[in-house]
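Dear colleague,

Please keep it open beside you as you read.

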Amino acid sequence: MTAQHTHPVKVIAVTGGKGGVGKTNVSVNLSVALAAMGRRVVLMDADLGLANVDVMLGVKPKKNIVDVLSGECHLADVLVEVSENFSIVPASSGTQEMTALGAHEHAELIHAFSSLDNTLDVLVIDTAAGISDSVVSFVRAAQEVVVVVCDEPTSITDAYGLIKLLHRDYGLTRFRVLANMVRSEHEGRAMFGKLMTVTDRFLDVTLQYLGSIPFDENVRKAVRKQKPLLQLYSSSKAAVALRNFAKKVDEWPVHNSARGHLEFFVEKLVQNH
Ligand SMILES: Nc1ncnc2c1ncn2[C@@H]1O[C@H](COP(=O)(O)OP(=O)(O)OP(=O)(O)O)[C@@H](O)[C@H]1O
Ligand SMILES: [Mg+2]
């Protein structure tokens, strides 16, 4: 089957540079919201060093992406259906990096994702913290990059570092920015403003502000109970904001070119730098 005959899929990487800014919470609840809107969503835990999507959702996968890569099973055996329209690809808690994969594993990965075509509308990728080769591989392969920032001392500088690297070394020019854990909408805008000031000055990139998610104790409570916030506290402040964010994401156009296909994503993913 050629790429033209397959179903276009929106591939969204959620990243941020800094650890603990809320990437996994945003990824999980974005996925839940999109699934509730009728989209078929797969959330891939790309935090290969410290898997935590499964922990946050209270599922205990027997197999993970590494078993697919080693040829032990198919992607279908690894997918865990969390709720209607929503499945996850769990990661292992090892330390394997995408870049450490050999030719055989690359082929397995391409094969694995080709089998997903026509079964999903959105692939959300929750990346690890930092700017390791593994994070960069996933982000540069995605069509949409959501950079999560929060009001912690190094969040803006880490986000800037990530954007700079992706721009300079991989030619990415378009980034979307989501402010998390804000005390006011103004605070979110101000953070975005700070980031824009440095990117405008030093890089030729376009940033789009996606708005903010308020700081909300219910997020932590949901994490402790290992259930999505949107399921447990669906009318909380953060849940309302996350659903609005998901509506925006849903309105982004799907690429109908080759870039809109999973095949393209996987080819980019395994490309050597
Ligand atoms: N909007 C929010 N309000 C309050 N707490 C939040 C919010 N978003 C995230 N948190 C809390 O911040 C912590 C980090 O969140 P999360 O694990 O999603 O971040 P992360 O960026 O994925 O971290 P890592 O880099 O370790 O993967 C969690 O305890 C979570 O409950
Ligand atoms: Mg995380």
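The helices and strands named here are DSSP runs, numbered from the N terminus, where a helix has at least four residues and a strand at least two. Please bear in mind that this is a predicted model.

I begin with the largest pocket, which has a volume of about 440 Å³ and is lined by 28 residues, with Gly20, Val21, Gly22, Asn25 and Met181 lying nearest its centre. At least two lining residues come from each of helix 1 (23–36), strand 7 (174–182), strand 8 (206–214), helix 9 (217–224) and helix 11 (237–251), and helix 1 gives the largest share, 5 residues. Sorted by class, the lining of this pocket has 15 nonpolar, 9 polar and 4 charged residues.

The second largest pocket holds about 310 Å³ of space, and among its 18 lining residues Glu185, Gly211, Ser212, Ile213 and Ala241 lie nearest the centre. Here strand 7, helix 8 (185–202), strand 8 and helix 11 each supply at least two residues, while the lining as a whole divides into 9 nonpolar, 4 polar and 5 charged.

Helix 8 also packs against helix 7 (residues 155–170), at an angle of about 40 degrees and with the two axes 10 Å apart, in a crossing that is right-handed. Helix 7 makes the contact through Ile156, Ala159, Tyr160 and Ile163, and helix 8 through Met191, Lys194, Leu195, Val198, Thr199 and Phe202; of these residues, 8 are nonpolar, 1 is polar and 1 is charged.

With best wishes

Technical notes. Residues are numbered from 1 along each chain as its sequence is written. Chains are lettered from A and ligands numbered from 1 in the order in which they are written. This is a predicted model: local features need pLDDT of at least 70, side-chain atom pairs count only at pLDDT 80 or more; totals for chains, interfaces and linings use all residues. Side-chain values use heavy atoms; hydrogens and water are left out. On a 1 Å grid over the protein atoms alone, a cavity is a set of points where a 1.4 Å probe fits but cannot get out, and a pocket is an open set with protein on both sides within 12 Å along at least five of seven lines; lining residues have an atom within 4 Å of a point. Grid points are joined across faces, edges and corners, and a volume is the space filled by probe spheres set on the points. Ala, Val, Leu, Ile, Met, Phe, Trp, Tyr, Cys and Pro count as nonpolar, Asp, Glu, Lys and Arg as charged, and the others, Gly among them, as polar. Axes are lines fitted to C-alpha atoms, for helices over the stretch in contact, and angles run from 0 to 180 degrees between N-to-C directions. A crossing is left-handed if the near helix is turned anticlockwise from the far one by less than a right angle, and right-handed if clockwise. Contact means heavy atoms within 4.5 Å.
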